[in-house]
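Biologist: I am new to this structure and would like to learn how to read its features. Please give the general idea before each case.

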Amino acid sequence: MTDKFDPYDMDREEFNPDLCMLRFAEDCSLQQILSRRNHLDMEIKGIAAGIQNMLYDNYTKFITASEVISKIKNDFEKMDDDIRSLGAKMNSIENLSSQIVENLQPTKDKRQRLIKSKESVAKLALLVNLIPKLREYTEQGYFIAAAKHYLKAKHLLTQHQNSNCLKEIIEESKDITSYVREKLRNKLDCCVYSKEEISETMNLILDLGETESEILRNFLLISKDNLDGVMQKIGKNCFSGVNGDDRMVTAVSCSEHSCAYLDMLSKVVEIVQGVFSAKPTTLQWSSILVDFVEDNSQQLYLLAGSAFKNQFGNLNDECLANSLDHLYRKSYECNSRMPKIATSEKSADVILHVCSDRCAYHLRRMKQDFQAYLLCLEERLNGEHKPDELLTWMNTLVHDIFTNTLHSLCHFISPEHKYSRNAYFRKSFCKLLAREEVFIPFLRDINGDILKAIYALRGNEAVALKMCMLFTKYVLQLHQSKVRNFLNLVDERLHSSTENVKLTSASEIGNKCKETAERIINCYIETRQRRMSDMFRHSMENKNWMMAKEPWKVSAVVRRVLEDFYATVKETEALVECAKSPTRDRSCDSGKSACLSSLSRTSSPDNGAVDDRMTIRIHKLFSKPSSTSEAVEFSSDYVLNRIVKMTLKSLLEYIRQSTFNRFGLQQIQVDVHCLELHVAQYVGNGRDMDALFDDMISSCYGRTIHPEFMNPHVVSSLCQALSF
């Protein structure tokens with residue numbers, strides 16, 4: 001939007017002084033007009049003073065500018081004169097130059113004719129001396145120089161190939177070049193000559209007329225022979241019958257030869273690419289080279305994997321990991337020169353396969369060490385070693401086996417190794433191989449080896465029983481914490497991604513250990529019960545109970561059984577977590593058997609016998625049967641209860657198969673009461689035990705001719721006389 005027209009504004013172009021004065025005269029008083037006038041006078045004086053000051057300030061600059069302008073004007077006038085003079089001189093020089101060129105033109109033409117004549121003479125001399133020179137080079141063995149000399153004259157021979165006078169030279173030169181090509185083929189050996197020398201030789205052979213397919217085929221055949229020679233060295237060094245330190249050196253030699261093989265393969269790739277990629281060609285050299293490298297690299301990896309596996313027994317993991325890293329780095333370099341081949345991926349697969357075999361080797365070693373420990377443990381159990389010492393020794397040994405193997409396997413994931421930085425390799429090695437194929441199977445096999453060791457010692461029950469309690473305690477420790485601690489240590493040291501990997505949980509192995517502990521406990525109970533039952537069986541079968549005499553002490557078999565029972569108490573209290581039930585004090589009570597015997601003292605013999613039988617049958621009628629299926633508990637009470645219950649049941653069956661006289665019944669009464677006194681304080685479930693004790697007395701009573709119980713006080717005194 002444009003500004004509004006205003007003729008009264010003194011700062012605008014359209015200002016009109018006449019209109020402004022008329023407006024002042026009409027609108028303002030005299031005093032205002034005078035004041036406005038004074039104000040304008042002051043502004044005018046101020047502007048005049050400013051202009052004067054500006055003039056004074058810039059006066060020197062104006063003077064200097066005037067002088068500079070004058071000087072420039074003078075310089076331009078002088079320069080104009082110089083330019084006119086220079087133009088005149090240049091015209092003179094141009095005329096003189098034209099005269100010189102005209103004078104030298106005949107000499108220049110003559111010189112050109114002489115140069116052409118010289119070149120023709122040199123070409124003629126080259127053709128004339130070609131054959132002698134080629135012969136000289138070939139006789140001295142300078143085949144590369146001979147080839148280069150021939151190539152200088154090749155275009156002349158081609159140009160004059162129809163000339164009759166040069167026909168003989170052309171034919172003889174062809175024969176010589178064929179011989180030179182044959183000799184140059186011997187210089188394609190990668191083991192003898194450098195990459196630059198071989199590349200130069202191949203280019204010379206091609207320039208001498210060799211076909212591309214033929215030269216490539218010859219070069220690859222020679223390279224194949226060299227690679228096969230390296231393969232033979234690997235096979236000879238790595239599969240020969242050497243031992244000890246020599247095998248360690250052999251393993252390192254295997255790695256060095258494998259790397260030399262890959263270096264040679266890389267050299268072949270570089271030479272072929274350098275020669276054929278720089279020339280237009282229809283030969284599919286790239287696909288031929290890919291097939292060549294793939295075939296030979298596959299053979300190397302198969303042989304190297306077998307060679308490393310053959311050296312496992314005398315090769316530590318650090319050396320093996322370093323050798324594998326050296327091989328992988330060489331494969332990676334080869335792959336960088338020809339990405340289509342993917343040799344680094346193949347070498348990674350081979351390394352993973354070698355690591356898999358190494359993990360299987362470690363698992364075998366761990367199992368062998370543990371089995372050797374079991375044999376040593378058997379010898380120590382025959383000695384005077386304490387159970388706690390053996391348990392500590394066992395914990396230490398298994399922990400050492402576990403941690404030593406873990407430390408060895410950690411060498412394969414060292415950050416300095418290039419192949420260990422691959423996420424797929426790390427996950428496969430740490431989780432699928434080391435964890436799931438070494439440590440998890442080892443923890444599983446511990447259970448199987450322990451059970452085998454126990455079953456193998458059934459002929460030596462004394463050692464087997466000690467081993468049962470020792471292994472029960474150890475396997476329970478595995479179940480409660482050690483399995484989880486072991487696997488946490490593995491996951492911490494062998495850390496990697498667990499994505500899409502199904503891992504065995506610690507609880508699964510822990511449950512396996514618990515099942516093993518249950519089987520060991522059952523085996524221990526079965527062995528102890530069988531020993532005690534056999535004692536009762538031999539006593540019951542070998543004694544004529546119809547001829548028994550009046551008892552005056554506890555029978556010898558009961559004393560032996562109680563000795564065995566107290567040995568069981570000591571073993572279970574030492575190694576199994578003890579959860580004792582409240583002690584039952586029955587020393588003041590001779591049991592129902594003793595109470596029943598009082599009937600025989602207060603009644604006649606005939607009536608007493610009838611009443612005693614009736615009372616026992618009534619008690620059996622209302623007694624509760626004991627449970628037969630119980631969950632295994634890892635406590636002293638459970639173990640002792642099971643052993644005693646099964647032993648008493650077997651004794652009950654032996655009693656039911658025998659016939660007793662009156663004194664035989666009294667001997668059973670004394671023995672049963674003695675068992676009850678010594679056993680009751682260690683076992684729970686009193687009602688079941690009471691029922692078993694009463695069943696034995698009642699069964700014996702039923703199998704006795706003219707039964708008569710012994711006085712309860714006499715029974716108690718006889719039993720209390722026995723001490724352990």
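Modeller: A salt bridge is a side-chain nitrogen of Lys or Arg within 4 Å of a carboxyl oxygen of Asp or Glu. This is a predicted model, in which local features need pLDDT of at least 70, side-chain atom pairs count only at pLDDT 80 or more, and totals for chains, interfaces and linings use all residues. Residues are numbered from 1 along each chain as its sequence is written, and side-chain values use heavy atoms, with hydrogens and water left out.

Biologist: How many salt bridges does a search of the whole structure find?

Modeller: The search finds 28.

Biologist: Which helix holds both E136 and K133?

Modeller: Both lie in helix 2, three residues apart, about one turn of the helix.

Biologist: Are E136 and K133 buried, exposed or partly exposed?

Modeller: Buried means under 20% relative accessible area, exposed over 50%, and partly exposed in between (1.4 Å probe, protein chains only). E136 has a relative accessible area of 34%, so E136 is partly exposed. K133, at 29%, is partly exposed.

Biologist: How do I check the length of a helix, taking helix 5 as the case?

Modeller: The expected span of a helix is 1.5 Å times one less than its number of residues. Helix 5 (residues 195–207) has 13 residues, so it should span 18 Å; its end C-alpha atoms are 18 Å apart, which agrees.

Biologist: Which residues of helix 5 are buried, and what comes just after helix 5?

Modeller: I198, S199, T201, M202, L204, I205 and L206 are its buried residues. Just after helix 5, G209 takes a positive phi of about 110°.

Biologist: How is a surface patch read?

Modeller: Patches are made of residues with over 30% relative accessible area and no salt bridge; like charges are joined within 9 Å, and nonpolar side chains (Val, Leu, Ile, Met, Phe, Trp, Tyr) within 5 Å. Accessible areas come from the Shrake-Rupley method with a 1.4 Å probe, and for residues only the protein chains shown count as cover. Here V68, I72, F76, M79 and I83 form a nonpolar patch on the surface, with about 490 Å² of accessible area together. I72 lies in helix 2, which runs over residues 30–140, and I72 is partly exposed, with a relative accessible area of 40%.

Biologist: What are the totals for the protein chain?

Modeller: Of its 724 residues, 42% count as buried. The protein chain exposes about 40,200 Å², and carbon and sulfur atoms supply 52% of it. Contact means heavy atoms within 4.5 Å. Among contacts in the protein chain between residues at least 6 apart in sequence, 81% join residues at least 24 apart.

Key
Helices (H or I, at least four residues) and strands (E, at least two) are DSSP runs, numbered from the N terminus.
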